Amino acid sequence: MTQRSVVTLGTSVLVASLALSACGTRGGDSGSDSGSGSGDAKKVAKIGVIAPLSGDLSALGKGIEHSVELAVKQANESGDLNGWTLEVAAKDDEAKPDVGKNAATALAGDKDVIGVVGTLNSSVAQSVQPVLNSAKIAQVSPANTNPSLTMGADFANAPKRTYDNYFRTCTTDSVQGPFAARYLFQKAGIKKVATIHDKKTYGQGLATSFSEEFKKLGGQVVEAQTINPDDDKYDAVISKIKPKAPEAVYYGGEYPQAGPLSQQMKAAGLNVPLMGGDGIFSGEFIKLAGATSKGDLATSVGAPTEELESAKKFVTDYEAAKFPEPYEAYGAYSYDAAKAIIEAAKVSLKDATSAESAREATVKAMADVSFDGVTGKVAFDQYGDTTSKVLTVYKVEGEKWAPVNTEEFK
Amino acid sequence: MRYALPTLSDETRAKHAAKGWPLALLGSALLLVSGLLSWSYDDRILGDISIRFWPVGVQIMAMVLGALGVAFALMDRGPLRRVGNWLDVALGLRALSTGVLVFVALVLAAIATEAGGLVNVNEGGWIALVGALLMFVGSRFVPQRELGQMHSARIPGWAEILVIALSMAAVLFLAAYLLNQDDAWLFVLGLAFIIALSMGLARSGFFTWFGHVAQRHKHVLTLAAFAVAFLFPFTQNGSDANMSIATQVLIFAATAIGLNIVVGLAGLLDLGYIAFLGSGAYIGAMMSNSAFATIGWKPPFLVTMLIGAIVASIFGLIIGSPTLRVSGDYLAIVTLAFGEIFRLAMFNLDGNNGPKLTNGPNGIPGIPDLQIGSFNFGDTHNVFGIPLGRFSNYYFILLLLIGFIILVFTRLNNSRIGRGWVAIREDERAAEAMGVNVFGLKLLAFAGGAFLAGLAGTIKAHQDSAVSPDQYLFLESAFLLAAVVLGGMGTIAGVLIGATILKLMPEKLRFFSEYRLLLFGLLLVLMMRFRPEGLVASRRRQLEFHDEDESLAEEVEDWHLEDVR
Amino acid sequence: MDTFAQQLVNGLTLGSLYALIAVGYTVVYGIVQLINFAHGEVFMIGAFGALSTYLLLFQGQTSLWILPVMIIGAVIASVATAVIMERVAYRPLRGAPRLAPLITAIGISVFLQEFVRLFYDKIPGTNFPSAKQRIPFPRIEGVTGTAFEAGGVVVQKSALFTIGCLIMCAALLWYFINRTKLGHAMQAVSQDPDTARLMGINVDRIIVVAFALGAALAAIAGVAQGLQNANINFKIGFTAGLKAFTAAVLGGIGNIQGAVVGGLVLGVVEALATQYVPGQFGGSAWKDVWAFALLIIVLVFRPQGLLGAKVVDRA
């Protein structure tokens, strides 16, 4: 029986390959340069991407990949790379630390790689950082918000840079949380809130820094709860919060949980706005939360896209490039991250003979990078964090996020 | 279940026997020669197969297959006739030619898809195809011969050892070659080649003979296998990419062998086994020098390792204790629930919901590399001029660990304890009636298996440099179980193969990573349906699943007799 | 007292859902002694079946009368899945060692989840959203929307729907098992399949009926879950399945009344644990742990469950 199925398999493969012959063409310019691979060919350097290209978060990961491709394509077209050509080497991390580490190891082993854009998840970054650091490859993350990645385990009291090759273009939790607290307390006049978070690095960080600032301002945090991101029913938590009658709920986490949470909160009669960070600033949130999400709030980094010239250009360029997936939440940051590496590489590659020998110089040059990017001014402080601290509060109005307040955080 | 094969009747075969043999020989020879010709017009694909008299990659594979075909043919009639008294060359040739046909078709498909159409196939490819077809047709008409008893086939002792050494060297070479293929097509073709080769060798009875040889030189075989594994990092030229995968395979395999004690030997289905690996890893992380570590005490690593293993085995005892009352499916669900409890507990113990031990979902990152004495595992060391990087260091320590685990496994398997487990697996009540301490042995299986997984876990923590709860999902337990089931319950070789397949495939075949889990689920269902005993089945197991098979029963008896002798 | 009543209501809602799914485990186990681990996935496919029916026929509408049609769609999807599953994967393994069907079940479970995740948006002729993320479930007038509030206790409309479904299904089920010929045949097979076969009962057919029956109830649970949470995803089957199995064991596996009681008890225990376990081990973070711990405790100290198992432990 096994034998027969193998025969069937063999014949079908054979038939399939014969069918292909009908529309074949002879391979292009072969023969002309057979045998010679080296020589005076173009000098190539690669920018790696480590992001979840498959799995649940692949939408975000693909957006990162394509945005980097866009930045690299534009840099190659600009022609001021001192004779170097840039390429993108994208690796999948499946949002898992293990896989991410393999991807980083593979990129570190590729002698052409000069910098890496990634990762999406802070947890993956933690296992990617040491690998890239030992290979002295600059890493710029468009999405990691955990402060400990740049400032070490005890970031609040004794900040200490752990990996000098690591930078990021997004702000950390310690900026977004307080910004939201100030908006609620000072602008919206809300004095009593409850907080919920999903216990993940991102959510917990946001909720903690929010609560601290809110209490400092004189507000009252009447209840602090956590949810398990695998859950999809939150009435136990809502039942605990409701009797305390908060005027708003601050949620640290991402939209897949925030949407249903908002919906279930309101269905249970807790009719107060839900506020969150850039993790819920997505159209998906409104779809999941339904019509009752009107009035919910979110903070996001940078000024609204409609108000920034460079951002509008990014959007039109991205659309013109006809990528199969949209740029999503982190596209703009990824574009800026890639551009930061390109700017640094322009300095380091100038006199370099190989990409590998320019790696260390690239990391050094990162500190001096400064340009106007899609998300605002891009430059890095002594820890590798972005210096840009402009944030915007958005509100759900008519099934859309509408900007209500843009300000620089001080 | 056995469908009628579209095979030829014996009469037709006898009538055309004279034509079959030359055809098969000619086909094999053509295949052998084709390797020297140009296969593709395009020189950029499959590692440049366009140059004549310069065989590379797939061409060499084709030549090896052709050479085996010629050898088989000559064993049937010709100078090597004597070997044909032992090996069933007719069956071997048939299986080989089927494999070859698939292989050649795949090569042509590869050329067609990579270079754009079959026009790009040059004469070598077509000749190979003709050769494969001739072989296929010819081999159908080669009649089977009367065979001698396999276990009486002997060659001098030194020659047998040489065969073992050569086979191991071939395995090392093939593994290194396959792993270094970044091109997915070459990887697939390499696999097709190995399958074709093993099909031919297996059907001809070569592996059975090899099994007897291995039986006679057990220690040589084990040593050779370890030597090969030990030499592997030296084939990598200091590249860490494959070593990183190799270390993961080893950790996975070590854990799977531990699980094999519980499932394969004692017959207790454990669906939460990853928790034991996890508890080892968490202990390793909490007692490490990481800035996020939550336990102040930093003992030397060997002590940590022991603590991790002991904690894991305590969990093993706890989870094993319900076995007194529940068994079978119930037990499976208890272990599943336990696995979930472990994951949720690791998720929760962050200071908000329970004591601060695990940092919750964020886990414990930044675990420094191992340091034993003055040897730091993070450094690159030069041995004989070959640089061995960070992962190679971990590879060696894991190799030691897995050697230890295999030793424990085999010693247990061949002891009173092992026989007690098998007795429990077969019939618990009968075993109890015969005076086997059922409860004690079950607990021992759980604690022992967990101990081994815990050991592996402590190393994993340092190797990964981070631990987090989402590494210990139910799916990971299912993967472990799949490794055991796929490879063959109760065998070491099977589990090693299963672990390698399950960890290596997704890394090398990234393009189907999206469909990985789908295929995994399908694989489990199909395996249970068609080959429940696994790829490398222990004979006893095989008999359990196919108790109607008389000849198999005789064979098993033979093996046992030989064991006694 | 208000919080107690509130958590009791939450628990009963949750418990009704578990009970509906648990019946499927128990019926199948009672007849073929098989833990159909993939039953959670049948429940998930029920929810997707209802969603598909809605998207195909009624997109944008909210009136109550489309709910029965959605339920029918859900039941068709679930029953078809369960019957095919039984025919293709389980039946050939009848008589094989116990390990084989359980591993098959895990395989099916993973396969079905991935199948929905990968291909839901690729079904030809439809325009379904991708199932790689949570999909909003339609809101239906009358069974979703603002909750009733009485004396500080909030009762959601979807919760009433769920509890109502359970009561109705339990009644129908009781009637089916005890008053119809097919039901009697089922009881006979579960007591002694060989004798039942001798009595002229088509055992294969009864097994299919058992699978279908469980699937139909799971499908209704799927709709209820969708209405309660307002969103569904491909992963909902795993935890729900595990909890429902816990419920079935809690009540005594093979015992249909037991499954219903077990489900309700489990739901209430979970809700009360969230509220009343003091200190750091309270709250929703640990509720699943308490549920699974309960499973282990019951299995160790009273393997036959609260109401007693109909089948002796033949494992």
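Q: Before we go on, what kind of model is it, and how does the numbering work?
A: This is a predicted model, where local features need pLDDT of at least 70 and side-chain atom pairs count only at pLDDT 80 or more, while totals for chains, interfaces and linings use all residues. Residues are numbered from 1 along each chain as its sequence is written, with chains lettered from A and ligands numbered from 1 in the order in which they are written.

Q: OK, back to the helices. At what angle do α9(C) and α10(C) pack?
A: About 120°, with their axes 7 Å apart; α9 covers residues 236-251 of chain C. Axes are lines fitted to C-alpha atoms, for helices over the stretch in contact, and angles run from 0 to 180 degrees between N-to-C directions. α9(C) and α10(C) are therefore oblique to each other. The cut-offs: under 35 degrees is roughly parallel, over 145 roughly antiparallel, 65 to 115 roughly perpendicular, and the rest oblique.

Q: How many residues of α10(C) are buried?
A: 16 of its 21. Buried means 20 or more other C-beta atoms lie within 10 Å of a residue's own, exposed means 12 or fewer, and partly exposed is in between, with C-beta atoms placed from the backbone. α10(C) runs over residues 256-276 and reaches 30 Å from its first C-alpha to its last, close to the 30 Å expected. That expected span is 1.5 Å times one less than the number of residues.

Q: Which helices from chains B and C pack together?
A: α19 (residues 516-530) of chain B and α4 (residues 99-119) of chain C, at about 150° with their axes 7 Å apart. α19(B) and α4(C) are therefore roughly antiparallel, and their crossing is left-handed.

Q: Switching to chain A: in what order do the strands of the open sheet come?
A: The 7 strands go β7-β6-β8-β9-β10-β13-β14, with mixed pairing. Two strands pair if DSSP finds at least two bridges between them. β7 and β14 (400-408) of chain A stand at the edges with a single partner strand each, so one side of each has no neighbour in the sheet. Neighbouring strands are turned by 25° against each other on average, direction ignored.

Q: What does β6(A) pair with?
A: β6(A) runs parallel to β7 (residues 220-226), joined by 6 bridges, and parallel to β8 (residues 248-252), joined by 5 bridges. A:Thr195 has A:Ala224 as its bridge partner in β7(A), and A:Ile196 has A:Tyr251 in β8(A). β6(A) is also mostly covered, with 5 of its 6 residues buried.

Q: One last thing: is C:Leu213 buried or exposed?
A: C:Leu213 is buried, with 23 other C-beta atoms within 10 Å. C:Leu213 lies in helix α8 (residues 203-229) of chain C. C:Leu213 and C:Val27 are 186 residues apart in sequence and 8.1 Å apart in space, C-alpha to C-alpha.

Definitions and conventions
Helices (H or I, at least four residues) and strands (E, at least two) are DSSP runs, numbered from the N terminus. A crossing is left-handed if the near helix is turned anticlockwise from the far one by less than a right angle, and right-handed if clockwise.
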